[in-house]
Amino acid sequence: MSKNPTRVFIARLLGLDVFDPLGDRLGRLRDAVVLDRGPGRPPQAVGIVVEVPGKKRVFVPLTRITSMDPSQIICTGLVNLRRFEQRGAEMLVVGELFDRKVTLRDGSGDATIEDIAIEQNRAGDWHVSNLFVRRTGSESRLRPLRRRGEQMIVDWKDIIHWDTSGPQAATSFVAQNDDLKAADFADALHEMSGKRRIEVASELQDERLADVLQELPDDDQVQILQSLDVERAADVLEEMDPDDAADLLNELPEDQKEELLQLMEPEDARDVRRLLTYEEDTAGSLMTPVPVILPPEATVAEALAHVRREELTPALASSIYVCRPPLETPTGRYLGVVHIQALLRSAPPEALGNILDTDLEPVRDYASISEVSRMLASYNLNSLPVINDTGRLVGAVTVDDVLDHLLPDDWRISDETGPITQQGRTNG
């Protein structure tokens, strides 16, 4: 490695762009991988985890890194695009070692890892050399100036061990990845061990955890939800979109499902219960019961204010459903839809009833997924209104709902390899 510092702290590199020698961006550094070589030997640093376009995380051996500093990382450009999976004694620095408790050899107590430095030796190999830690143990009689909460850099040889079996906080990991979109955070979470996945999930706020759960495979969702205190699990379900909450509850035993529904707020539970009554593979089972609904007297200005809400997905924000009161689903008589383009082309005081699209036929709540997908494709729509037998709006099906259903169950974790030169993974 040329023109490169021989020691780097991993936290300072997180989020840096990774380039090939021609200056083309390969992705962004998200973690580093070290190999546990047993007691008495410092862990060997073997590579980095890079998030490439498509939000997939891949492994790049340190032997292919030509330059690494706090501004950028340059590699040879020969990247194996197979999704990263841990092997054997490999450990993720950010995902597994940050926040881990260690015992200090000088007898002054315990400390928590906040950063790790790796250093290159003369042979070109990298190993863990230093830890940046925060003291958590009691004050030492021999070193009275070292107090609880003190931050310091210690040599790897100055710790006795790190506890791999006990509970571990996830404060640093959550803070380091706070900028990730929910789907990308879910990818990182899925790659972790079951124990670490639960520890990280428990550190998230309810709203953030709900967003992340919606992006995880079913097995991960169930594992995390069942690990939570039952009251917190109900709070998280309340923060989820009703259709996603219903899908998750359907994966649980009946007694557990009913217990959680009883603990949820009645209004949230009502929406979820209604979705649970529909047979699988119907519009009713996929729809959201809370699209944007307004009366015909509402103005364009009011409608635009509603679709600006941050919590709305682009698909839901693309359409306003106009109904007679009551406006909560099931509504009064469904009248028609106003598309976002019509809102943008109309004067702010214009009533929605004057710019209705009445040609778009709603689908029935028992319509099949194939019928819904054909309509979305035929008319180039982002969403469709769903009505019941009496012509009342009961929800809307969005194109992302349908795609999520039509794609293979493992689409979130499938390994699609792109047309970039493939190289076998090595740790040398």
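Predicted model: local features only at pLDDT ≥ 70, side-chain atom pairs only at ≥ 80, totals over all residues.
Figure 1. The bond that joins Pro-325 and Pro-326 is a cis peptide bond, with omega about 0°. Pro-330 is found in the loop between S15 and S16 as well, and a cis peptide bond with omega of about -10° joins Thr-329 to Pro-330. In general, most peptide bonds are trans. Residues are numbered from 1 along each chain as its sequence is written, and side-chain values use heavy atoms, with hydrogens and water left out. Local features need pLDDT of at least 70 and side-chain atom pairs count only at pLDDT 80 or more, whereas totals for chains, interfaces and linings use all residues.

**Figure 2. A salt bridge between Arg-324 and Glu-297.** The side chains of these two residues meet in a salt bridge at 3.6 Å, N to O; the term denotes a side-chain nitrogen of Lys or Arg within 4 Å of a carboxyl oxygen of Asp or Glu. The pair links distant parts of the chain, 27 residues apart: Arg-324 lies in the loop between strand S15 (319-323) and strand S16 (334-339), and Glu-297 in the loop between strand S14 (293-294) and helix H12 (300-307). Buried means under 20% relative accessible area, exposed over 50%, and partly exposed in between (1.4 Å probe, protein chains only).

Figure 3. Glu-51 and Arg-30 form a salt bridge of 3.5 Å, N to O. Glu-51 belongs to strand S4 (residues 44-52) and Arg-30 to strand S3 (residues 25-35), so the pair ties together parts that are 21 residues apart in sequence. Glu-51 counts as buried because its relative accessibility is 8%; Arg-30 is also buried, with a relative accessible area of 8%. Asp-17 makes a salt bridge with Arg-25, in which the closest N and O atoms are 2.8 Å apart. Here Asp-17 is partly exposed at 24%, and Arg-25 is partly exposed at 42%. A network of salt bridges links Asp-17, Arg-25 and Arg-28.

**Figure 4. A patch of negative charge on the surface.** The residues that gather in this patch include Glu-207, Asp-211, Asp-229, Glu-231 and Asp-235. Helix H5 (206-213) and helix H7 (230-239) are the elements that give two or more residues to the patch. Which element gives the most? Helix H7 does, with three residues. Glu-231 lies in H7 and counts as exposed because its relative accessibility is 52%. Patch members have over 30% relative accessible area and no salt bridge, and like charges are joined within 9 Å.

**Figure 5. Two residues with positive phi.** Most residues other than glycine have a negative phi. Asp-281 has a positive phi, near 70°, and is placed in the loop between helix H10 (266-276) and helix H11 (283-286). Asp-281 is partly exposed, at 37% relative accessibility. Asn-380, which is not a glycine, has a positive phi of about 50°. Asn-380 is found in the loop between helix H15 (369-378) and strand S18 (383-387) and is exposed, at 71% relative accessibility.

Notes:
Patch = residues over 30% accessible without salt bridge, like charges linked within 9 Å, V, L, I, M, F, W, Y side chains within 5 Å. Areas by Shrake-Rupley, 256 points an atom, 1.4 Å probe, with all protein chains shown as cover. Lys, Arg positive; Asp, Glu negative; His and termini not counted. Charge placed at Lys NZ, Arg CZ, Asp CG, Glu CD. Helix = DSSP H or I, 4+ residues; strand = E, 2+ residues; numbered from the N terminus.
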